[in-house]
Amino acid sequence: MAKQEALSLWHAVSRDRHPRPALEGVLDVDLAIVGGGFTGLSTALHAAAKGLSVAVLEAEIIAWGATGRNAGFVVPNFAKMDPDAISAHLGPERGERLIEFAAGSADLVFGLIEQHGIACDAEQNGWIQAAHSEAALQKVRSRARQWAERGRPAVTLDRQQTEALTGARFYAGGWMDRSGGVLNPVEFAQGLADAAEKAGARIIEHTRVISIDRSSDGWTLNTPSGSLRAGKVLVATNAYGGALNPTLQRTYFPLKVFQIATAPLPSKTRERLLPGGQGFSDTRRNLITFRFDAQNRLISGGMHVISAGADRRVPQAIRRRLSKRLELRDLPPLDYSWSGIAAVEPDFLPHLIDLGPGLIAARACNGRGIAMTTAMGKVLADWADGTEARDLSLPFAPPAQIPFHGLLRYAPNMLLPWSILRDRLEAA
Ligand SMILES: Cc1cc2nc3c(=O)[nH]c(=O)nc-3n(C[C@H](O)[C@H](O)[C@H](O)COP(=O)(O)OP(=O)(O)OC[C@H]3O[C@@H](n4cnc5c(N)ncnc54)[C@H](O)[C@@H]3O)c2cc1C
């Protein structure tokens, strides 16, 4: 497949997948899952392992959504709130349960990879966050302390350590969670799907759920080629749910994110940058992120302001920014560029959304989806198996619609120039 035709770098370089035919006729299961990304697949695996009958319905192919388009950073913490703030926000009992959930999420990902022998270029070498200003440094030091106090392998980094570990200068310091890392997300998703099938789950591709209707003993999911009857239903469509549930659509901000992968870097340059193979992010609002894939391609990403020609222009702008920040005068051209939609929660926390008796939606994106959605699958399997929602480790509530969503949905992308300005002023 031509490089620019692929859905993402990961879809282009991953091993061939075995085809999974569309639904035909009528099928009865305990748990129906809409969406074949990390959320759906991890839930399918954990629920099937409990002995439930499970079917996943995916409109396209496994990992077609954000799961196959992300950067592959495995990040076991929250995008905005630190543990003490979460404890204050949700109360100590619920707060600490959520913190524990996130804290173990990367270990769960790498544990599943080992347990099921998933070949996905996974490296649990750590996730580094570098501070772009003195104020940000104080914040990340406190962040590292709060996670370390809860038993996590979190360490602070001074300016020299940050430079030595990342090759990036101009950072005041940072911190690292050693349990984080990187992987190839498409191969991880395919490995989850294979493991779920081995445990007895049905994974059905090319089958879009058009409607979900209440029936006397559960729910019926209607598709163009058949229907699925289930006692419980998980809607795991993240930011790709479209018209299936308009209420759900108004509960998050869709954020378009671009990704790039350069041609492989020469080994001399490669050795200077992230020699330990970690994932890197900084503290800017307009984040700088980077990592390498197994072929030494430099991978990065960024947001954009919605405008004509952005799809063509933004990947080159990200490449230029990276080349400047990492002082790479001869950064190779792009091998791949792609984009995806991330679902951003107003409070940046994972959520279980109560859509009716036995009907739930789950989202945990916020740029932390690989670790969080995989871990969420375990919690959702408990729910499918009968655990009361209030006893789960994640916030569970009816859909909270965002006022003026029609207008505000564009805010994360439109406010980018303001974010960039604030980043610059802080770093000055
Ligand atoms: C560009 C980008 C970069 C990111 N980088 C990172 C990162 O480095 N690290 C990280 O942790 N997170 C990252 N994220 C977030 C992460 O990718 C997501 O949180 C995660 O993949 C969400 O998984 P999911 O299963 O909930 O949803 P998705 O993977 O989006 O899956 C939803 C699926 O539902 C299917 N679907 C929708 N409607 C229907 C229907 N009616 N019937 C049947 N199927 C349907 C879609 O086809 C899709 O496959 C990034 C996100 C983006 C967009």
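I first looked up the ligand: 43 residues surround it, and the closest are Gly35, Gly37, Gly65, Gly340 and Gly369. I counted a residue as near if its C-beta atom, placed from the backbone, lies within 6 Å. Helix 2 (38-49), strand 12 (253-262), strand 16 (334-344) and helix 12 each give two or more residues to this shell. I took helices (H or I, at least four residues) and strands (E, at least two) as DSSP runs, numbered from the N terminus.

The model is predicted: local features need pLDDT of at least 70, side-chain atom pairs count only at pLDDT 80 or more, and totals for chains, interfaces and linings use all residues. Residues are numbered from 1 along each chain as its sequence is written.

I then turned to helix 12. Helix 12 supplies the largest share of the ligand shell, four residues. Of its 16 residues, 15 are buried (20 or more other C-beta atoms within 10 Å of the residue's own, C-beta atoms being placed from the backbone). I compared its length with expectation: at 1.5 Å a residue, residues 369-384 should span 22 Å, and the end C-alpha atoms are 21 Å apart, which agrees. The expected span is 1.5 Å times one less than the number of residues. Gly386, with a positive phi near 115°, follows helix 12.

Finally, I examined strand 1 (residues 25-34). Strand 1 runs parallel to strand 11 (residues 226-235), joined by nine bridges; pairing requires at least two DSSP bridges. Leu31 has Lys232 of strand 11 as its bridge partner. Strand 1 also pairs in the parallel sense with strand 2 (residues 54-57), over four bridges.

Methods
Buried ≥ 20, exposed ≤ 12 C-beta atoms within 10 Å, placed from the backbone.
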